[in-house]
Amino acid sequence: MGGVVGTVGSAVRLCRDRGEFLRRAGEWTVDRPFPLLEGPALDRYVSLFPQGVLPTVVPEARPGLVLSAGGEFGAAAGWMLATATGRPHRHVPAGRLTAELAARPEETVAVVGLAGELSEAGDWPGAAGSPVGVVTGRTEESLACLVYRTLTVEAAGEDRVFVGSHPMLPGAGEADALELAEFGHVRANRVRLLVLRTYGRECCAGLVDGIICGRSDALDVVPRPVAPGLRATPCLRGEGCFRRDLGESDRLPARDLHATLVMAQSCASVAVGVNAYPTDIGLGLGFLDGTAVAVIGAVGLHLEHARAQVELEDALADGVPLGEVVRRMNEHGYPIQGDLTRFGLLGDPGLTLRPGPGPDLGSGSRPGPDPGPGAGSRSDAGPEGRGTGGGPRRREDEGVVASLRRLNGVVVPRLERLCWFGLEIDEAEVDAIRARVREICRDLLDPGTARSAAAVAADLAEVQRRAAESLAGRIYTSGWDFAGGAFGGLRQVGRTDEVCPNCGRATAALLRLRHRVEEDVHVTTLVCRRCGDLWWTTEPGDPSITMSGVLDVDAARGTTAYVEREIANLGGETVRGGAGFAFKARSALGLPPAWSTGAEVGAGEVHRLRVPVDLRLYTPRPDTHTGIFVALLDGVYVASLTMLKLA
């Protein structure tokens, strides 16, 4: 154990092997030394104590139940946690975990088990909304050490909040660290609360000059096994970090940041049970390989919620257990963006972090939401047409009138509202089309009305085709989020549980959002806690324009792969516009460039998109590459994601 064996004191018992640990754990009582296994997690905890002497477990009563799941090691760890905290202990197979928790909707439950075994649960244990925390580790040594740290939580650390932020996020100027070099304090000292506000993915939290990495081992050139059905990153293929601009020195393992509690506001930072990648690289689990006692992080797709840190600090200051802390954060965040701001807890939900003599935990920065100014406007329809005096009586073409009515009253207003989403639509062209509609309506009996209406519709379709082309180009070079600047004003107004069409689990939800200021701005999305966001649309209600296809697509170097989508028009009118595809922010990573096309889909028809991905001419590194299909059709903006699993 790095030379510290024998200096840990009488509070713990270092076991020779797994068998001794299981025997001593089964006999353990609070007046005996706590059994541990040697390893890097224990090394890091010992480093916090200058004399190398570890603290004694002090028993305390905590609310709720300890529920272990999986094998005998998780059962042993759960038994010791329950014994020290005066809670009942129950053990179930991992496959029955979610059913067991569903039967306890109001009970505070500490789920204990190895991360790999808990993956068999098939869902995030707290998905039902009960105050659940998951006490887990990647290895047996790491899990045993986490339980011990959980029972000696007040023994080491300073009462300080340390904030690390991506410099592009609001409030970054008030953060303690914007670059890797500025994290020196938490590499040397254990703070009570580390807050990370970054962009990220399941494996990392991203900064401009580097990443905080979920892996606790060095990146080597030896490929790691990846179980069927899981996604992989280049590092698991032996090809280094997915960010080509980074070297090993630009990768800061999460385990090396010292904090009692970590709050990680980046996508899927808590992914036990819904991990799309192997648990070896999960960010939240990386912190638990270090000295953290708990991690509060995002479950699945996450939109950065500016006031989440405030809600966290206020709840901690109130002295409530961590399970209640997370419940309050989710309760307060839900009216803002609903499930897209959901947090989960890795750690004991019955644990209360008591403030020490240092600075007040509630003294952090408190950025407020900015709902954005103003709302869009609409124009009224033009004047009614009038007949001419002589000649045979002409009749209005009701089909043409209905088409103009829909174009003016539905399609053009939809396009005008898309400016909230940051799409590059030429507003002057849209205004000109409105003016042309008004001109046509001066005389709806004119023999050229049908021809003029068709020309306007064609020009409007071309505006959307160019916007889709531009959007695909920006996705390729700069990245993407569906609603852009509109997210700040969107609030969840509806939710329906769904079965994910990709993984087949009951881990998905159909979310409906509406803008607080421009109430005609709607967003609907299907999100899975495991697979992420599958599709988005701006169409309110049940979508009449859908885009569907396979999410995870396998591909190999030296071949041409194909990604495909079907656009279905379930409505009664032909829709026109454009569609595009691009890999998200992959222009510098060697993937093929963006692709786009015009699109017209008749009523009740399906339009198929089939995009070749040339992996002969282009040679990106193996990774799970995110691709985005987008379409703009009669003012409806739809998007569908695909994950190219390149081996």
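Colleague: How many salt bridges does the structure hold?

Modeller: The structure holds 48 salt bridges. Bear in mind that this is a predicted model, where local features need pLDDT of at least 70, side-chain atom pairs count only at pLDDT 80 or more, and totals for chains, interfaces and linings use all residues. Residues are numbered from 1 along each chain as its sequence is written, and side-chain values use heavy atoms, with hydrogens and water left out.

Colleague: Why is Arg 466 called partly exposed?

Modeller: Buried means under 20% relative accessible area, exposed over 50%, and partly exposed in between, using a 1.4 Å probe and protein chains only. Arg 466 has 32% relative accessibility, so it counts as partly exposed. Glu 462, at 30%, counts as partly exposed too.

Colleague: How do you know whether Asp 497 is buried or exposed?

Modeller: Its relative accessible area is 56%, so Asp 497 is exposed. Asp 497 forms a salt bridge with Arg 495, with the closest N and O atoms 2.4 Å apart. Arg 495 is partly exposed, at 29%.

Colleague: Which parts does the pair Glu 600 and Arg 576 tie together?

Modeller: First, the side chains of Glu 600 and Arg 576 meet in a salt bridge at 3.4 Å, N to O. Glu 600 lies in strand 24 (residues 595–601) and Arg 576 in strand 23 (residues 575–583), so the pair ties together parts that are 24 residues apart in sequence. Arg 576 is partly exposed, with a relative accessible area of 31%.

Colleague: How do you know that strand 22 and strand 25 pair?

Modeller: Two strands pair if DSSP finds at least two bridges between them. Strand 22 (residues 560–569) and strand 25 have nine bridges, in the antiparallel sense, so they meet that definition. One example is Arg 565, whose bridge partner in strand 25 is Leu 609.

Technical notes: Salt bridge = Lys/Arg side-chain N within 4 Å of Asp/Glu carboxyl O. Helix = DSSP H or I, 4+ residues; strand = E, 2+ residues; numbered from the N terminus.
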